[in-house]
Amino acid sequence: MDAGRQKVELEALLGREPVRVNLDEIVGYVCGKVILVTGGGGSIGSELCRQVARHRPKQLVVFDIYENNAYELQQELKRDYPELDLVVLIGSVRNTHRIQTVFEKYRPDIVYHAAAHKHVPLLEDSPDEAIKNNVFGTYKTAIAADRYGAKRFVLISTDKAVNPTSIMGASKRMCEMVIQMMNDRSKTDFVAVRFGNVLGSSGSVIPLFQKQIAEGGPVTVTHPEVSRYFMTIPEAVLLVLQAGAYARGGEIFVLDMGEPLRIVDMARHLIRLSGLKPGIDIPIVFTGLRPGEKLNEELLMHEEELRDTPNKLIHIGRPLEFDEEEFCRQLAHLYEVANRDSEAIRQEVQKIVPTYQVPEKAGQDCLDKNIGAGSRDGDESTIFSAGYHRGGDPGGGRGPAVWLDHHRPKDESI
């Protein structure tokens, strides 16, 4: 299936007009700036890089752990934007020294943090990795942004962070909490942008349906009533960029994605767009909800309220209040538990995100809290070097998050 055909099909599946944004607002704050995109080789990250490259940044720094994705994007951007000052770096946001070194050398003005593990069922089987990569990868990147004077930090979040039923959703909710806490203690403006499923992204349902149709079926849908909010990759990225233009610090931007769409209806529509008849040429099979999946997603928690922005499709949710000092203490313990690779991680997550419910089987498994000694490699054993923390011992052996320097007044330089 060629790219043009796919684009038409994806927009047709939405059942609405594509989102338009005011590109002039984007140009105003991206032009002439040093931009860092973590997870830059992924579906959202790479489109962010393409959009930024079009608007004449001073420098674009792409950071990703997957070298193949990064290489392909590098070749594309070099070809399409030969005058672009492009830096492509390989590394993990979980590596404290690496991420600090990147910020120290390049001093980005704006950070788009798209690096994350996102696949819900896979992360249900590897919950510690979700926490180490999503929560503490975000934490380490945010601290580096604060330390090296970034002006703005934009977290890519998800509707799965709202009343999460999965470890992935709970991890992204904690990422939003990290952003809120950091904004209260930093001169950097920290914001989050929350949206639903992105059509055509890696790991999304549409490429799977297309593959299943090409193979003659069946098309598998988890439940007849399961629904999701959807937008295309370019739509999501343009709205992320524009939300960044509105950022003043501490906001959770919620993107209006229209009405949620039933997955089975999308499957039938995609079969018809392929010139076939659903249920006749291509059967549809219901397989049951997978671990951690919701029947329906939400964009807001009940306590959150919305206020408008100049773009009617971008709204600002009121951040929920929480005890930030207690959150720091909980993160310290969470970090230790995550590095033990034990099922006890789920109970610790629930203490921080009460709306997350521990699956029954997982609750039984975590009775054995001595599974594994945990990894203590140099990349992940501490969140920061001891020299950055007040009260940290030089050996870095007393636990991480209590040293996070979050007690520093907002107007005090590091």
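1. Buried here means under 20% relative accessible area. Keep that cut-off in mind for this predicted model. Strand E4 covers residues 110-113. Ile110 and Tyr112 point one way from E4, Val111 and His113 the other way. All four residues are buried. In a regular strand the side chains alternate between the two faces of the sheet.

2. Now the neighbours of E4. Strand E1, residues 34-38, pairs with E4 in the parallel sense over four bridges. Valine 37 stands opposite tyrosine 112. Strand E5, residues 152-158, also runs parallel to E4, and four bridges join E5 to E4. There, phenylalanine 153 is the bridge partner of valine 111.

3. Next, the aromatic rings. The count comes to four aromatic pairs. One of them joins phenylalanine 136 and tyrosine 139: the ring centres are 6.4 Å apart and the planes lie at 10°, so the pair is stacked. Both residues lie in helix H7, residues 127-147. They are three residues apart, about one turn of the helix.

4. Phenylalanine 322 and phenylalanine 327 form an edge-to-face pair. Their centres are 5.3 Å apart, with 80° between the planes. Phenylalanine 327 has a relative accessible area of 1%, so this residue is buried.

5. Which residues do ring pairs link into a cluster? They are Phe136, Tyr139 and Tyr335.

6. Last, the cysteines. The count of disulfides is zero. Cysteine 175 is buried, with a relative accessible area of 0%. Cysteine 328 is buried too, at 6%.

Key: Residues numbered from 1 in each chain as written. Predicted model: local features only at pLDDT ≥ 70, side-chain atom pairs only at ≥ 80, totals over all residues. Heavy atoms only, no water. Buried < 20%, exposed > 50% of the residue type's maximum accessible area, 1.4 Å probe, protein only. Helix = DSSP H or I, 4+ residues; strand = E, 2+ residues; numbered from the N terminus. Pairing = 2+ DSSP bridges. Disulfide = S-S within 2.5 Å. Phe/Tyr/Trp six-rings, centres within 6.5 Å; stacked < 30°, edge-to-face > 60°.
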